[in-house]
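Subject: Structure handover

Hello,

Here is the structure for your files. My notes follow below it.

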Amino acid sequence: MKQEELKAIASQLKHPTGEKGIEMGNMMNETNINMTHHSIQNLHIQSGDKILELGHGNAGHVEFLFEQAQNIKYYGLEMSELMFQEARQINRNFVSQKQAFFSLYDGNKIPFEDALFSKVFTVNTIYFWENPEQLLLEIYRVLQSKGILCITFAEESFMKQLPFTQFEFDLYSTEKAEKLIEKTPFKIIGKETLTEKVKSKTGELVDRDFTTLVLEK
Ligand SMILES: C[S@@+](CC[C@H](N)C(=O)[O-])C[C@H]1O[C@@H](n2cnc3c(N)ncnc32)[C@H](O)[C@@H]1O
């Protein structure tokens, strides 16, 4: 594949736009669904939880989140206008029932008041954070005391084999992510790395290692 094509894939993964972006949103939701479910399960959602997700893509997984407990609210934040629109459309019933709320933001400043959320999660976005330490402090600010943050990402050892990750991506191993978190007031209370089979671009099944870090305020 040409450098230009690889760059275009990386840029769509970072910020889906246009017709190709809709396809990318569907593909991401499908191929990353195990990772997303793992992040959600590690939140141990209970009745009354207010949950924030950063970078939900098309948010086809929000239905699964609402199956975890009664009386919960979901807030989604995106930087991509297209993913924001797709997510609102796919989840229009939850939106009209005022159970799910979607907003756009700049990727740095979370547009919510302090201590609003009991749980926060994010899947496959850490690679694109412009200022990781600052964003973690923002998440810390909007979490309640003892609130939980789950960060789920594919391991650097797997990701670096994909030709498009040389553009746009800052890759993380568990160790690198832990070092980042140590610079913040978060406590690491859990971590799990799993291996799953995913289809590669050429169609064969490959092993993908991914990790969820569970942090407490
Ligand atoms: C690779 S996709 C992952 C989507 C979904 N979470 C998944 O795992 O399938 C990354 C998504 O995060 C969004 N994004 C990129 N940087 C972000 C940031 N700093 N905060 C929140 N979302 C971000 C992109 O617009 C894109 O929709």
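Is Thr122 buried or exposed? At 1% relative accessibility, Thr122 counts as buried (buried is under 20% relative accessible area, exposed over 50%, partly exposed in between, with a 1.4 Å probe and protein chains only).

Before the rest, the conventions. This is a predicted model, in which local features need pLDDT of at least 70 and side-chain atom pairs count only at pLDDT 80 or more, while totals for chains, interfaces and linings use all residues. Residues are numbered from 1 along each chain as its sequence is written, and side-chain values use heavy atoms, with hydrogens and water left out.

Whole chain

The protein chain has 9 helices and 7 strands (DSSP runs numbered from the N terminus: helices are H or I with at least four residues, strands are E with at least two). Its radius of gyration is 16 Å, close to the 17 Å that the globule rule gives for 217 residues, so the chain is as compact as a globular protein of that length. That radius is taken over C-alpha atoms, and the rule is 2.2 Å times the number of residues to the power 0.38. Along the principal axes, the C-alpha atoms of the protein chain fill a box of roughly 50 × 40 × 30 Å. Of the 217 residues, 52% count as buried. Among contacts (heavy atoms within 4.5 Å) between residues at least 6 apart in sequence, 72% join residues at least 24 apart.

UniProt, in an unreviewed entry, lists residues 52–151 as "domain: Methyltransferase type". UniProt positions are given in the numbering used here, feature names are shortened, and annotations may be inferred rather than shown by experiment. Over residues 52–151 the chain is 31% helix and 30% strand, with the end C-alpha atoms 12 Å apart.

The sheet

An open sheet is formed by 7 strands in the order E3-E2-E1-E4-E5-E7-E6, with mixed pairing (two strands pair if DSSP finds at least two bridges between them). Strand E3 (100–104) and strand E6 (187–199) are the edge strands, each pairing on one side only. From one strand to the next, the twist averages 15 degrees. Axes here are lines fitted to C-alpha atoms, for helices over the stretch in contact, and angles run from 0 to 180 degrees between N-to-C directions.

The pairings, with one bridge partner each where I have it:

- Strand E1 (residues 50–54) and E2 run parallel, joined by 5 bridges; Leu54 has Leu77 in E2 as its bridge partner.
- E2 and E3 pair in the parallel sense over 5 bridges; Tyr74 has Ala100 in E3 as its bridge partner.
- E4 and E5 run parallel, joined by 6 bridges; Phe121 stands opposite Cys150 in E5.
- Strand E5 (residues 143–154) and strand E7 (residues 205–216) run antiparallel, joined by 7 bridges; Ala154 has Phe210 in E7 as its bridge partner.

In strand E2 (residues 73–78), 5 of the 6 residues are buried, so E2 is largely enclosed by the rest of the structure. E5 is also largely enclosed, because 9 of its 12 residues are buried.

Thr122 belongs to strand E4 (residues 117–123). Its side chain reaches the backbone oxygen of Leu54 at 2.8 Å. This is a polar contact: a pair of N or O atoms within 3.5 Å, where within protein one must be able to donate a hydrogen and the other to accept it, and residues adjacent in sequence count only if both atoms are side-chain atoms. Not counting residues up to four places away in sequence, Thr122 touches Ser39, Leu54, Trp129, Cys150, Ile151 and Thr152.

Helix H3 (residues 33–41) lies across E4, E5, E6 and E7 and runs at about 160 degrees to E4. Met35, Thr36, His38, Ser39 and Ile40 of H3 are buried. The cover over the buried residues of H3 includes helix H4 (62–66), E4, E5, E6 and E7.

Two other positions

Gln85 is in helix H5 (residues 81–90) and, at 35% relative accessibility, counts as partly exposed. Gln85 and Phe102 are 17 residues apart in sequence and 8.7 Å apart in space, C-alpha to C-alpha.

Thr184 sits in the loop between helix H9 (174–182) and E6. With a relative accessible area of 9%, Thr184 is buried. Leaving aside neighbours within four places in sequence, Thr184 is in contact with Glu133, Leu136 and Leu137.

Regards
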